[in-house]
Amino acid sequence: RKGNVIVTGASSGLGLATAKALAETGQWHVIMACRNFLKAEKAAKSAGMSKESHTVMHLDLASLDSVRQFVDNFRRSGMPLDVLVCNAAVYLPTAKEPTFTAEGFELSVGTNHLGHFLLSRLLLEDLKQSDYSSKRLIIVGSITGNTNTLAGNVPPKANLGDLRGLAGGLNGVNSSPMIDGGEFDGAKAYKDSKVCNMLTMQEFHRRYHEETGITFASLYPGCIAETGLFREHVPLFRLLFPPFQKYITKGYVSEEEAGKRLAQVVSEPYLTKSGVYWSWNKNSASFENQLSKEASDAEKARKVWEVSEKLVGLA
Ligand code: NDP
């Protein structure tokens with residue numbers, strides 16, 4: 001049978017390119033988990049994805065109710081789950097004030113980390129039940145959360161501190177909207193959320209890989225300078241960022257190439273190692289990359305896991 005893969009945020013950018021790449025192999029049915037149903041349908045159509053290759057299901061990661069409802073809907077479809085890709089994200093670098101999810105969490109960490117945390121914890125059960133030969137849970141990471149890289153050292157740097165803001169619920173009322181308890185900074189909140197994504201993947205690996213055989217992986221597909229991720233940025237930035245990445249840092253990658261890379265992590269037999277953070281070199285060859293000190297701190301991973309469990313109502 002075909003494999004079934006859920007891709008969150010498949011309505012644009014990397015998620016759409018990945019959905020397209022997987023659909024084109026004929027080996028995968030892609031469940032596009034998107035907040036805007038119509039946009040996703042249109043995107044799939046204009047990407048040339050056939051009707052049989054995909055199903056669009058509504059998922060708004062900025063609402064835990066919606067996450068739970070999505071899981072119910074998916075289960076009711078009767079499809080087994082073979083691979084889950086947590087790809088969706090928001091990035092609010094110019095926001096002066098924080099905005100919040102339905103439950104009142106700061107929007108970037110609430111969407112990118114907490115929404116995906118609940119989703120993947122619930123769907124772990126479905127992955128366990130699948131009889132597929134190579135089951136995987138993939139969370140898209142980023143270089144920007146990794147302070148052991150040049151890009152990760154552009155201020156404001158990611159830093160989760162002692163998690164006091166996260167433990168307080170990131171609500172901006174009786175706790176800071178930032179994980180480390182500091183002043184709101186949209187760019188930092190995004191980087192922090194990506195550190196949480198990478199820590200979550202490793203904690204999943206430590207807790208569940210041996211018992212379940214599921215591959216838990218993260219990746220940095222390269223800088224996809226033209227995706228919607230930068231839609232909130234100032235116009236001058238959006239104009240200069242793609243050529244800067246192409247000619248100066250040489251980290252630029254097209255949406256199509258990045259989608260192929262993520263599709264490899266979903267399906268290639270040579271990328272089944274668990275607990276790994278994948279990157280690609282200039283010749284587009286994959287390699288196991290090092291995470292920064294904070295993004296590979298096992299004690300912090302455990303704490304983020306435990307605090308997040310409480311926030312999403314699992315503990
Ligand atoms: P896009 O903005 O193009 O895609 C983000 C996707 O997430 C969109 O489909 C968007 O939906 C969806 N999304 C946002 N909020 C929600 C929500 N509340 N519920 C459900 N879906 C939501 O950005 P990219 O393709 O660049 O980003 C994809 C991933 O790649 C992210 O995890 C990002 O961190 C990562 N990444 C990107 C890099 C880059 O250079 N662009 C580099 C490294 C990592 P909608 O279409 O409705 O807006």
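This is a predicted model: local features need pLDDT of at least 70, side-chain atom pairs count only at pLDDT 80 or more; totals for chains, interfaces and linings use all residues.
Eleven aromatic pairs are found in the structure. In one of them, the ring centres of tyrosine 91 and tyrosine 190 lie 4.7 Å apart with the planes at 55°, so this pair is classed as tilted; planes must be under 30 degrees apart to count as stacked and over 60 to count as edge-to-face. Tyrosine 91 belongs to the loop between β4 (83–86) and α4 (107–129), whereas tyrosine 190 is part of helix α6 (residues 186–212), so the contact ties together parts separated by 99 residues in sequence. Tyrosine 91 and tyrosine 190 are both buried. The two tyrosines also belong to one aromatic cluster, formed by Tyr91, Tyr190, Phe230, Phe237 and Phe241.

A second pair involves phenylalanine 204 and phenylalanine 216. Their ring centres are 5.3 Å apart and the planes meet at 10°, so the pair is stacked. Phenylalanine 204 sits in helix α6 and phenylalanine 216 in strand β6 (residues 215–219), and the pair thus links distant parts of the chain, twelve residues apart. As with the tyrosine pair, both phenylalanine 204 and phenylalanine 216 are buried.

Strand β2 (residues 28–34) and strand β3 (residues 54–58) run parallel and are joined by five bridges. Within this pairing, valine 30 is located opposite histidine 54 of β3. Together with helix α2 (residues 37–46), strands β2 and β3 make a β-α-β unit, which is right-handed.

Methods. Residues are numbered from 1 along each chain as its sequence is written. Side-chain values use heavy atoms; hydrogens and water are left out. Rings of Phe, Tyr and Trp (its six-membered ring) pair if their centres lie within 6.5 Å; planes under 30 degrees apart count as stacked, over 60 as edge-to-face and the rest as tilted. Helices (H or I, at least four residues) and strands (E, at least two) are DSSP runs, numbered from the N terminus. Buried means under 20% relative accessible area, exposed over 50%, partly exposed in between (1.4 Å probe, protein chains only). Two strands pair if DSSP finds at least two bridges between them. A crossover is right-handed if, with the strands pointing away from the viewer, the path from the first strand over the helix to the second runs clockwise.
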